[in-house]
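Biologist: Could you walk me through how to read a few features of this structure? I would like the general idea, then the case at hand.

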Amino acid sequence: MTVRYTKDHEWVRMEGDVAVVGITKHAAEQLGDVVFVELPETGRAFGQGDDMAVVESVKAASDVYAPIAGEIVDVNQAIVDEPAKVNEDPEGAAWFVKMKPADASALDSLMDEAAYKKLLENA
Amino acid sequence: MTIESLSDLKRTALHELHLELGAKMVPFAGYAMPVQYPDGVLKEHLHTREKAGLFDVSHMGQAFLRTTETPIGSEEAHRAVADAIETLVPGEIRKLKKGGLRYSVFLNDQGGILDDLMITRPEEDARQGALFLVVNAAVKDRDFDLLKEKLSGRTTLEILESRSLLAIQGPKAAGVVEALLPGSGAQGFMTMRARAWNGVEVFVSRCGYTGEDGFEISVPDTHAGDLARALLDHPDVAPAGLGARDSLRLEAGLCLYGHDIDETTSPVEADLAFAIGKRRREEGGFPGAARILKELAESPKRKRVGIRPEGRAPAREGTEIQTTDGVRIGVVTSGGFGPSVNGPVAMGYVAADFAAPGTALNLIVRGKALAARVVAMPFAPHRYFRG
């Protein structure tokens, strides 16, 4: 399954007709130990780039943006209950939300893995 | 932050060691300082509370203030230098014991806090008439200018540009320091002793900024790296950065200058009235005495308090504080996640009527009102050495 990335270090991949969204390993490393996660309610709709969730380390709070427009259909309560999971497996078990995309082809406008890696190298 | 701008910053004598240890360096008060090491803020914080953390605080200002009114080395000389500095601080310095430390604040004429500092009376008879001062990095130039200007003709100021300052904090610190600097483990809380180490003189103070037992050691730059490595050689000691220093002091309820206290806050508002000596309350004679004595008698309009958000969301500096009815009554000045508390903690100023522990408040975080309560500080119990 192809994973797409944003310049703000979110990842998104399609599972059937649902987009799974999380933050990248790089983002998790930069944040340090995650101590708090706030996720949106299911049913809420976001535009591309809207503040969607919050992730906080001891020192700082960061917004997580919606990588594509769509409606929240599920959230990962496990990372709210145990924020440290975000550091353990940010690109796997510690997904943030599942969205029903307003337009699934919006993923095509995001970076593929090679482009994201290049972004990190040039950062 | 780019590499170029970091290179413009001043470096402490431990810079190479920080890089070797894998520190993430950030600009702080004009210095490149380690904000964290590879273990990260959370582990560094918990390690310090459990065993011992080593902090480089060499960016802080160190100086000797000496009287010029009386020859150094007598009780009269101490009285002279104490009387001089007491014109700038509200603390009882005259009666400070030989080898004793006192926490104090420089005040402006409005009774606002220009900086907080440690004032130490040396133990040695030959050094009576001198005071050892440690001030905050961000305002050290202003502090030193203040001392030179206000105390000219009475004192000289020797700024110790070539001394580093290492803080070792935590329940295992005493054993570690005792092994390298014998006698230190028996030192009382808030005392300083000059000791010899590898041919140089170090000043060992039993104090700190974490709420734990610990020491701050002033050491010549030439020997700072060796001393830091010798401390780190002990298996109980891990390096800790500014990130952990901040979360530790917040849990300990201690103020950060420029955030929790500044030129607009008085020591009474800041809940630092313990730093105002009994004789000083009777005699006055410090800057802003009129306001401060009035606040002591009548209670200030606002007070610094500890705040526990009831949920898990941290409330950061700048967060608006409201009554449960939505009336603005103050602002958070420091806030974050307390690793030892295992939850969010904050401090801030509230209108005096809302300062009693247990008072329910709302914190406005990302537009939402989060329930919180005023609590007594510290958030994590102080564990200072009590002999």
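**Contacts, burial and helix packing**

Modeller: Leaving aside its neighbours within four places in sequence, Ile93(B) is in contact with His78(B), Ala82(B), Ile85(B), Glu86(B), Arg102(B), Ile119(B) and Leu131(B); contact means heavy atoms within 4.5 Å. Keep in mind that this is a predicted model, where local features need pLDDT of at least 70, side-chain atom pairs count only at pLDDT 80 or more, and totals for chains, interfaces and linings use all residues. Residues are numbered from 1 along each chain as its sequence is written, chains are lettered from A and ligands numbered from 1 in the order in which they are written, and side-chain values use heavy atoms, with hydrogens and water left out.

Biologist: Where is Ile93(B) found, and is Ile93(B) buried or exposed?

Modeller: Elements first: helices (H or I, at least four residues) and strands (E, at least two) are DSSP runs, numbered from the N terminus. Ile93(B) sits in the loop between helix H4 (75-85) and strand E5 (101-107) of chain B. For burial, under 20% relative accessible area is buried, over 50% is exposed, and in between is partly exposed (1.4 Å probe, protein chains only). At a relative accessible area of 0%, Ile93(B) is buried. Ile93(B) and Asp83(B), ten residues apart in sequence, are 7.8 Å apart in space, C-alpha to C-alpha.

Biologist: How do I read a UniProt feature, and at which residue does the record list "binding site"?

Modeller: UniProt positions are given in the numbering used here, feature names are shortened, and annotations may be inferred rather than shown by experiment. The UniProt "binding site" (unreviewed entry) is Glu216(B). Glu216(B) lies in strand E12 (residues 214-220) of chain B and is buried, with a relative accessible area of 11%. Beyond four places in sequence, the contacts of Glu216(B) include Leu165(B), Phe203(B) and Cys207(B).

Biologist: And which residue carries the feature "modified residue: N6-lipoyllysine"?

Modeller: UniProt places that one (unreviewed entry) at Lys59(A), in the loop between strand E6 (51-57) and strand E7 (61-65) of chain A. Lys59(A) is partly exposed, with a relative accessible area of 40%. Not counting residues up to four places away in sequence, Lys59(A) touches Val41(B), Gly243(B), Asp246(B) and Arg316(B).

Biologist: Now helix packing: at what angle do H3(B) and H8(B) pack?

Modeller: Axes are lines fitted to C-alpha atoms, for helices over the stretch in contact, and angles run from 0 to 180 degrees between N-to-C directions. Helix H3 (residues 41-50) of chain B and helix H8 (residues 242-251) of chain B pack at about 55 degrees, their axes 8 Å apart. That makes H3(B) oblique to H8(B): under 35 degrees is roughly parallel, over 145 roughly antiparallel, 65 to 115 roughly perpendicular, and the rest oblique. Across the contact, residues of H3(B) including Val41(B) and His45(B) meet residues of H8(B) including Gly243(B) and Leu248(B). H3(B) is mostly covered, with seven of its ten residues buried.

Biologist: What about H6(B) and H7(B), and how many nonpolar residues does their contact have?

Modeller: Helix H6 (residues 173-180) of chain B and helix H7 (residues 221-232) of chain B pack at about 125 degrees, with axes 10 Å apart, and are therefore oblique to each other. By class, their contact has six nonpolar, no polar and no charged residues. Ala, Val, Leu, Ile, Met, Phe, Trp, Tyr, Cys and Pro count as nonpolar, Asp, Glu, Lys and Arg as charged, and the others, Gly among them, as polar.
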